[in-house]
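The following exercises concern a structure to be examined with its sequence at hand. Each task is followed by a solution in steps.

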Amino acid sequence: MTAKENYLENLGKKMANPQSSSKAYWTFINKIMNRCKVPRIPPLLVNDKFVIDCKNKANEFNSYFSDQCKPLLNDSVLPPFNVKTDKRIDSITVTRDDITSLIRGLNPSKAGGPDGISAQMLIICDESIILPLKLIFENIIMTGIYPYDWKLANVTPVHKKGNKQLTTNYRPISLLPICSKLFEKIIFKLLYNFLIVNNLITKNQSGFHSGDSTVNQLIDFVNEVYKSFDKSESLETRAVF
């Protein structure tokens, strides 16, 4: 009981402190009121009927999001791919240092997945969890079998625009298990370095280059437009996105 009283007393002092910002003030209020940010989904309009029950809402979103992920079957044929390099990734090495840096770089407030393992839990475990994760990661690479539980996610509908009562105006946010994200980052680092070293990513793909941005792409685009205007033989400038 003493710990709780000390906690509330400290909150009271922070709220009474004139140096506390308005954002901090409302953070304290929400803690005391036990409020949390939970997406509020109004009654959904489906087939001219309102869906009010939370479980039925979840089923409607599940049905809609699933339909968006179905592959399009057509007669298209992939073009032939030319080999760009004779280099290959022969092996994937997972080191303790890689896992350690990833765990210590986690945001403790980052939401976890359906496995219930939070970022805060991994940070607290620190070195004691490194060896178990290393063994799991190496076993995945060796066998090619990915843990089923790591394929599951908590899906949250986030409103995009328009009428909040239509499922078509929402997009899904998937919260995957944090351990699976750590493994993903290790594989990503390896693949990214391989692609960069072998010049397999065009400079126009700013989304895949560290340090690049849409601002750089906009400057480059505007520069190309002006260069085209300055050419005496230029009659028009076209862009395809």
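**Exercise 1. Determine the handedness of the crossing of α4 and α6, and describe its geometry and contact.**

Solution. The two helices α4 and α6 cross in a right-handed manner; a crossing has this hand if the near helix is turned clockwise from the far one by less than a right angle, and is left-handed if anticlockwise. The model is predicted, local features require pLDDT of at least 70 and side-chain atom pairs pLDDT 80 or more, while totals for chains, interfaces and linings use all residues. Residues are numbered from 1 along each chain as its sequence is written, and side-chain values use heavy atoms, without hydrogens and water.

Step 1. Two packed helices are described by the angle between their axes and the distance between the axes. Helix α4 spans residues 96–104 and helix α6 residues 127–143; their axes come within 9 Å and cross at roughly 120°.

Step 2. The helices α4 and α6 are therefore oblique to each other, given that angles under 35 degrees count as roughly parallel, over 145 as roughly antiparallel, 65 to 115 as roughly perpendicular and the rest as oblique.

Step 3. On the α4 side, the contact (heavy atoms within 4.5 Å) is made by Arg96, Ile99, Thr100, Ile103 and Arg104. Helix α6 contributes Glu127, Ile129, Ile130, Leu131, Leu133, Lys134 and Phe137.

Step 4. Of the residues in the contact of α4 with α6, seven are nonpolar, one is polar and four are charged.

**Exercise 2. Classify the ring pair of Phe137 and Trp150, and locate both residues.**

Solution. Step 1. The structure holds eight aromatic pairs, that is, rings of Phe, Tyr and Trp (its six-membered ring) with centres within 6.5 Å; planes under 30 degrees apart are stacked, over 60 edge-to-face and the rest tilted.

Step 1. The ring centres of Phe137 and Trp150 lie 6.1 Å apart with the planes at 65°, so this pair is edge-to-face.

Step 2. Phe137 belongs to helix α6 and Trp150 to the loop between α6 and β3 (154–159), so the pair ties together parts 13 residues apart in sequence.

Step 3. Phe137, at 0% relative accessibility, counts as buried (under 20%; exposed is over 50%, partly exposed in between, with a 1.4 Å probe and protein chains only). Trp150 is also buried, at 10%.

Definitions and conventions:
Axes fitted to C-alpha atoms, helices over the stretch in contact; angles between N-to-C directions. Helix = DSSP H or I, 4+ residues; strand = E, 2+ residues; numbered from the N terminus. Nonpolar A, V, L, I, M, F, W, Y, C, P; charged D, E, K, R; others polar.
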